[in-house]
Structures are given as structure tokens and as C-alpha cells.
Amino acid sequence: MRRNGENGFILITVLLMMSVLLSLFGAYVFVTQMEIGTSRMSKESVQGFYSAEAGLNVRAEQIRQTFVGYNVPAGVSPTEPNPCTGSNQGTQDFACQSHSFNKQSDFTYVREEPGNPKTIVIPAGELYQ
């Protein structure tokens with residue numbers, strides 16, 4: 001037969017072990033939730049990156065097709081600092097376009113470089129005269 005002191009010690013020991021186990025379980029749940037959130041954000045970030053890259057590739061191909069047959073893109077680029085918002089959409093080949101990939105939407109536009117393209121005369125006898 002056990003004495004009351006031993007029963008109290010056993011009860012306290014069991015309660016302490018249960019609180020330690022509950023603390024470990026709580027930490028496990030917390031870390032698991034953090035990992036799930038981090039993985040989700042990483043996946044969304046990668047999807048956004050590849051969606052934007054796909055939009056740029058589509059737009060680059062459209063501009064490349066413009067140059068076929070020695071044509072030159074026409075129009076005006078949207079102005080900075082807020083392109084593709086409101087009425088700041090640009091015109092013709094330089095205008096803003098919306099693309100959607102993997103449930104992600106992105107906007108692309110072509111920016112003009114002042115003084116580009118440069119026209120030069122290649123001397124006779126040179127390659128590409």
C-alpha cells in the first residue's frame with residue numbers, strides 16, 4: 001500500500017510529463033503550420049515569376065514578328081512611373097497587354113528607347129552593305 005506522499009509525487013510527475021508532452025505537441029503544430037505557410041508562399045512566388053516570364057516571352061515573340069519583313073514597331077510607350085494604369089496604356093505595338101497563365105495575370109508593355117534604332121550607313125564593300 002502506498003502512502004499519500006507517494007501518490008502525490010506520482011500525480012505531480014504524471015502532470016509534469018503531460019504538460020511537457022502537450023508543449024512538444026504545440027511546438028510541433030506551430031512549426032508544421034509555419035512550414036505549410038512558407039511552402040505555399042514559395043509556390044505562389046515561383047508561379048508568379050514564371051507567369052511573368054511567360055508573358056514577356058509572348059510579348060517578345062509578338063515584337064519579333066513585327067520585325068519580320070523589315071517592319072518597325074509603331075506607337076507610343078506608356079509613361080513612367082505608373083504604366084498600364086488608368087489611361088496610361090500606350091498605343092499600337094507599345095501598348096499594355098494583359099496575359100494570364102496559371103491563374104496569374106500580368107501586364108506587359110514595350111518601352112521605347114530615345115534615339116533607338118540608330119541609322120548608319122555601311123560603307124560599300126563591307127559586310128551587310
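Me: Which side chains meet in a salt bridge?
Reply: This is a predicted model, where local features need pLDDT of at least 70, side-chain atom pairs count only at pLDDT 80 or more, and totals for chains, interfaces and linings use all residues. Residues are numbered from 1 along each chain as its sequence is written, and side-chain values use heavy atoms, with hydrogens and water left out. A salt bridge here is a side-chain nitrogen of Lys or Arg within 4 Å of a carboxyl oxygen of Asp or Glu. At 3.0 Å, N to O, the pair is E61 and R64.

Me: How many salt bridges does a search of the whole structure find?
Reply: Side chains of opposite charge can pair when their charged atoms come close. The search of the whole structure gives a count of 1.

Me: What separates E61 and R64 in helix α1?
Reply: Helices (H or I, at least four residues) and strands (E, at least two) are DSSP runs, numbered from the N terminus. E61 and R64 are 3 residues apart in helix α1, so the separation is about one helical turn.

Me: Are E61 and R64 buried, partly exposed or exposed?
Reply: Buried means under 20% relative accessible area, exposed over 50%, and partly exposed in between (1.4 Å probe, protein chains only). E61 has 36% relative accessibility. R64 has 45%. Because of these values, E61 and R64 each count as partly exposed.

Me: In what order do the elements of the protein chain run?
Reply: The protein chain has 1 helix and 2 strands. From the N terminus on, the order is α-β-β.

Me: Is the protein chain spread out or a compact globule?
Reply: The radius of gyration is taken over C-alpha atoms, and the globule rule is 2.2 Å times the number of residues to the power 0.38. That rule gives 14 Å for 129 residues, and the radius of gyration of the protein chain, 32 Å, is well over it. The C-alpha atoms fill a box of roughly 115 × 40 × 25 Å along the principal axes. So, by the globule rule, the protein chain is more spread out than a compact globule.

Me: What share of the residues of the protein chain count as buried?
Reply: The protein chain exposes about 10700 Å², with 62% of it supplied by carbon and sulfur atoms. Of its 129 residues, the buried share is 14%.

Me: Which cysteines form a disulfide?
Reply: A disulfide is a covalent bond between the sulfur atoms of two cysteines. The rule applied is a pair of cysteine sulfur atoms within 2.5 Å, and the count comes to 1. With sulfur atoms 2.0 Å apart, the pair is C84 and C96.

Me: Is the disulfide of C84 and C96 left-handed or right-handed?
Reply: C84 and C96 are both buried. The torsion about their S-S bond is about -95°, so the disulfide is left-handed.

Me: Which residues is N88 in contact with, leaving aside its neighbours within four places in sequence?
Reply: N88 lies in the loop between α1 (4-67) and β1 (97-101). N88 counts as buried because its relative accessibility is 18%. Contact means heavy atoms within 4.5 Å. By that test, the partners of N88 are P78, T79, N82, P83 and C96.

Me: Which residues does V72 touch, not counting those up to four places away in sequence?
Reply: V72 is in the loop between α1 and β1. V72 is exposed, with a relative accessible area of 55%. Beyond the excluded neighbours, V72 touches T66 and D93.

Me: Is the peptide bond from E80 to P81 cis or trans?
Reply: Most peptide bonds are trans. P81 is found in the loop between α1 and β1. Omega from E80 to P81 is near 10°, and the bond is cis.

Me: What is the phi of N102?
Reply: Most residues other than glycine have a negative phi. N102 sits in the loop between β1 and β2 (104-108) and is exposed at 57% relative accessibility. N102 is not a glycine, yet its phi is positive, at about 50°.

Me: What is the phi of K103?
Reply: K103 is also in the loop between β1 and β2. K103 counts as exposed, at 87% relative accessibility. Its phi is positive, though K103 is a residue other than glycine, with a value near 60°.

Note on methods: Accessible areas come from the Shrake-Rupley method with a 1.4 Å probe; for residues, only the protein chains shown count as cover.
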